[in-house]
Amino acid sequence: MSSTNTPGDPGSTSGTVERAFHAALYADSDTALDTGASLLAADPGADAEVARRGEEFVAAAWRRGWQPADVVRIVGRELGDGHVRLVAALIRAQARGDRPRGRRWTAQLDRIARRADAGDLAATPPRPDRFTQATAVLELYRLLLRLPALEPLEEPRRASRREHGTDGRMLARIRALLAKAEATGFPEEAEALSAKAQELMARHSVDEAVLSAQPHAPGAAADTPGACRIGVEPPYEQAKAVLLDAVAVANHCRAVWNESLGFSTVVGFESDLDAVELLYTSLLVQAQSAMAKAEAAQRAGGRKRTKTFRQSFLAAYAHRVGTRLREAAAAPVSEDLLPVLASREVAVTDRLDRMFPQTTTTRLRGVSDEAGWTEGARAADHAQVRSRRPLE
């Protein structure tokens, strides 16, 4: 005599998964989590269905406005490295059957794949026991299920007449220059490399603005602003968010910080968004390097390393860099470019207002160390921040 299990039958694989999910995903207690993990651990035949349901949770996150980098970041922030490896595998599996979602989305998937191929996201040997593995999976699914809805980041339209590969080649050159500037121990070499990178960013941005202002073919769409999310990681995320905002404004973009979820949304035209990501990352590297040197000097003078010193250092760095960026952004431009830049600024503001009808202003807190503030301001004065050369 033979029998066949059917979906929903308590003895079937589907029934095991449903009972485990019902026990663990909709309650906060450790007891509920243990119950669900025990059910899954006892049924190896449920593994494929658990993985399939995980891909569905990932796809649901996309429908709520999340992107691959966002999910990886929040999982690392709320759970841990093991959960990041799990969600990265789910994202890669789900992407194989997903529709194309644009350049930035593809770049995020590529970064996840490169990390996995390099071993950063590979399964950690030895393999955990089934109960431990099932617990981690359910913790991850519980988080994915409860992710809030985010503002959707639609890919912007681009009417540029450039070859498709021009942007990639330009960004590759800029990244290479900034990487060398951050790695060198010689200030003069770093300044020359950074200046060259900034010159390329400015030239590229102006070229895009000019091209977008030219008459288009009948029926062709004009450029529109887009948006991206940039992680603002702890510690000292408030100062980092202020720094990112300053970089965004100087590059004709606007930034809105989501403190609870650990990122800022930057709104602007594509070439400017790329410039913001590159310059912000470079300035963070410069700030961390300068802060390490300043702390070493403080310790040599008999002072112990303190959190207040670092907080005040980064706050002063962000404040001073913001001042320098505003000065650079105020450089005069030729009259024929003023209407072009003004129309793009209006478009960015309109997109921001539609995405975020209500925002609030946050002031820096916890700045109390005079030495840290002084050293941070001094480091900012030596940082390479000329994000825009004067336009002719």
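The largest nonpolar core here has 37 residues, and W66, V71, Y141 and L144 have the most contacts inside it. The biggest share comes from α7, with seven residues. Please keep in mind that this is a predicted model.

**The cores**
- Leaving out residues up to four places away in sequence, V71 touches A61, W62, W66, V87, I91, L144 and L147.
- Another core, of 28 residues, lies apart from the largest one, and its members include A255, F309, F313 and Y317.
- As a general background, nonpolar side chains tend to be buried together in soluble globular proteins.

**How α4 meets α7**
- Helix α4 (residues 68–78) packs against helix α7 (residues 130–145) at an angle of about 120°, and their axes are 11 Å apart.
- The two helices are therefore oblique to each other.
- The crossing of α4 past α7 is right-handed.
- On the α4 side the contact is made by V71, I74, V75 and E78, while α7 brings L140, L143 and L144.
- By type, the residues of this contact are six nonpolar and one charged, with no polar ones.

**A closer look at T135**
- T135 counts as buried because its relative accessibility is 13%, where the cut-off for buried is under 20%.
- Setting aside neighbours within four places in sequence, T135 is in contact with L33 and A37.

Key. Residues are numbered from 1 along each chain as its sequence is written. This is a predicted model: local features need pLDDT of at least 70, side-chain atom pairs count only at pLDDT 80 or more; totals for chains, interfaces and linings use all residues. Side-chain values use heavy atoms; hydrogens and water are left out. Axes are lines fitted to C-alpha atoms, for helices over the stretch in contact, and angles run from 0 to 180 degrees between N-to-C directions. Helices (H or I, at least four residues) and strands (E, at least two) are DSSP runs, numbered from the N terminus. Angles under 35 degrees count as roughly parallel, over 145 as roughly antiparallel, 65 to 115 as roughly perpendicular and the rest as oblique. A crossing is left-handed if the near helix is turned anticlockwise from the far one by less than a right angle, and right-handed if clockwise. Contact means heavy atoms within 4.5 Å. Ala, Val, Leu, Ile, Met, Phe, Trp, Tyr, Cys and Pro count as nonpolar, Asp, Glu, Lys and Arg as charged, and the others, Gly among them, as polar. Buried means under 20% relative accessible area, exposed over 50%, partly exposed in between (1.4 Å probe, protein chains only). A nonpolar core is a set of buried Ala, Val, Leu, Ile, Met, Phe, Trp, Tyr and Cys residues joined through side-chain atoms within 4.5 Å.
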